Every structure is written in C-alpha cells, then in structure tokens.
Amino acid sequence: MSQSRPQNSSRSYRRVAAAVDAVCAVAADFDATTLDEVVAAVSAERMRDIEIADADLGPGVCGQRRFYPDRDVIVLATALPSREHTLAHELGHIVFEHQGAPAVEVTLEASDDLIAYMLSQRAHQQIVDDGADEMAEWEAETFAAMLMTRLRVFNSRGAGVSALRFDEALG
C-alpha cells in the first residue's frame, strides 16, 4: 500500500497552478507573449510598477525581489545561465506576495555590492533561523517552472495569445 502525500503539499501545487493560470489570463488580456511582457502585464494589472534591473549580486545570488513603498524591483545577476527562469522565480515571489526585506529608500545611497551583500546575508540568516522561507522558495520555484513551461508551449504553437485563450478554454 502506498502512502499518500500530506494535504499541505497538494494544496500548494493547486495554489501554484491557480497562480500560473491567473498570470496567463492576465498575459492573454495584455497580448503578452514573452516573459518580459508578462511581467509588464502583471505590473499593469496590479497597478504597481515592477522594474527589472541587472546588478552584480553576491556569490550564489541569482536574483532578488526588492520591495519599495511604490514599486517592486526584480534585480537579476548580470551573468545568469537562465535569465528567464530567475525572472519567473522572482515574479513568483511578487505574485504570492511573499514577505521579503523591505528596501528602504536610504539604502540607495549605499553601493549596489553592499546592498546585495546585506540582503543576501539577511535572507540566508532568516532561512537558518526559522525555515519559513523554504515554502516561499518552493512556491516561487514551482511557479517559475510551470509558467516557463506554459510560455514555451504556447509560443511554440505560433500565435501565443490565441494559444493562451485556447488553454483557458480547456481549463
């Protein structure tokens, strides 16, 4: 007899799949067919700017979501093996409204290297302290994988938006 998975994990998969469906619906409404266009569509739908920036981040840090009172900023490491996946992962954090370290405007006076180091150290310590980030990281990573798969599928069919609408109709 096989053991069933805990309820919590199956609810999480449904939650992530529902989030990907919602993002794809927004993408279709805005005729967004690339990941950068999807980010812009989510930004417009939320009526909250999402900026994408490149920076030299600390060792092992591929991307960060920085939260400001008036906008979100997704910072991507300059030398990424997969920019798209990291962008989708950070978008997942925004979509799920995961808690992060708020970036105070005064930190803009510090160098980018210092900011990246401080944020990566704080995130690492938080993971060590309570493990609460594990679920947020899992959701963001699963969201990225599902979203990238959906984008690859409908872009390979030729007409991205019509494929999105077809996918919506099929559920």
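Guide: One term to start with: buried means under 20% relative accessible area, exposed over 50%, and partly exposed in between, with a 1.4 Å probe and protein chains only. This is a predicted model, where local features need pLDDT of at least 70 and side-chain atom pairs count only at pLDDT 80 or more, while totals for chains, interfaces and linings use all residues. Residues are numbered from 1 along each chain as its sequence is written, and side-chain values use heavy atoms, leaving out hydrogens and water.

Visitor: How many helices and strands does the protein chain have?
Guide: The protein chain has six helices and three strands. Helices (H or I, at least four residues) and strands (E, at least two) are DSSP runs, numbered from the N terminus. From that end the order is α-α-β-β-β-α-α-α-α.

Visitor: What share of the residues is buried?
Guide: Buried residues are 40% of the 171 in the protein chain.

Visitor: Which residues of α5 are buried?
Guide: In α5 they are D133, A136, E139, A140, T142, F143, A144, L147, M148, R150, L151 and F154. An α-helix has 3.6 residues a turn, so residues three or four places apart point the same way.

Visitor: And how far does α5 reach?
Guide: Helix α5 covers residues 133–156, which is 24 residues, and spans 34 Å from first C-alpha to last, close to the 34 Å expected at 1.5 Å a residue. The expected span is 1.5 Å times one less than the number of residues.

Visitor: What about α2, how many residues there?
Guide: α2 has twelve residues and reaches 16 Å between its first and last C-alpha, close to the expected 16 Å. Its buried residues are L35, V38, V39, A41, V42 and S43.

Visitor: How do α2 and α3 cross?
Guide: The axes of α2 (residues 35–46) and α3 (residues 83–95) come within 10 Å and cross at roughly 15 degrees. That makes α2 roughly parallel to α3. Angles under 35 degrees count as roughly parallel, over 145 as roughly antiparallel, 65 to 115 as roughly perpendicular and the rest as oblique. The axes are lines fitted to C-alpha atoms, for helices over the stretch in contact, with angles from 0 to 180 degrees between N-to-C directions.

Visitor: What follows α2?
Guide: M47 follows α2, with a positive phi near 55 degrees. M47 sits in the loop between α2 and β1 (49–55). Most residues other than glycine have a negative phi, and most peptide bonds are trans.

Visitor: Is M47 buried or exposed?
Guide: M47 is exposed, at a relative accessible area of 76%. E97 also has a positive phi of about 55 degrees without being a glycine. E97 lies in the loop between α3 and α4 (112–130) and counts as exposed at 60% relative accessibility.

Visitor: Switching topic: how many disulfides?
Guide: The count is zero disulfides, where a disulfide is a pair of cysteine sulfur atoms within 2.5 Å. As for individual cysteines, C24 is buried at 2% relative accessible area, whereas C62 is partly exposed at 37%.

Visitor: How far apart are P81 and C62?
Guide: P81 and C62 are 19 residues apart in sequence and 9.2 Å apart in space, C-alpha to C-alpha. P81 is in the loop between β3 (71–77) and α3, and is exposed at 84% relative accessibility.

Visitor: Last one: where does Q64 lie?
Guide: Q64 lies in strand β2 (residues 63–67) and is buried, with a relative accessible area of 7%.
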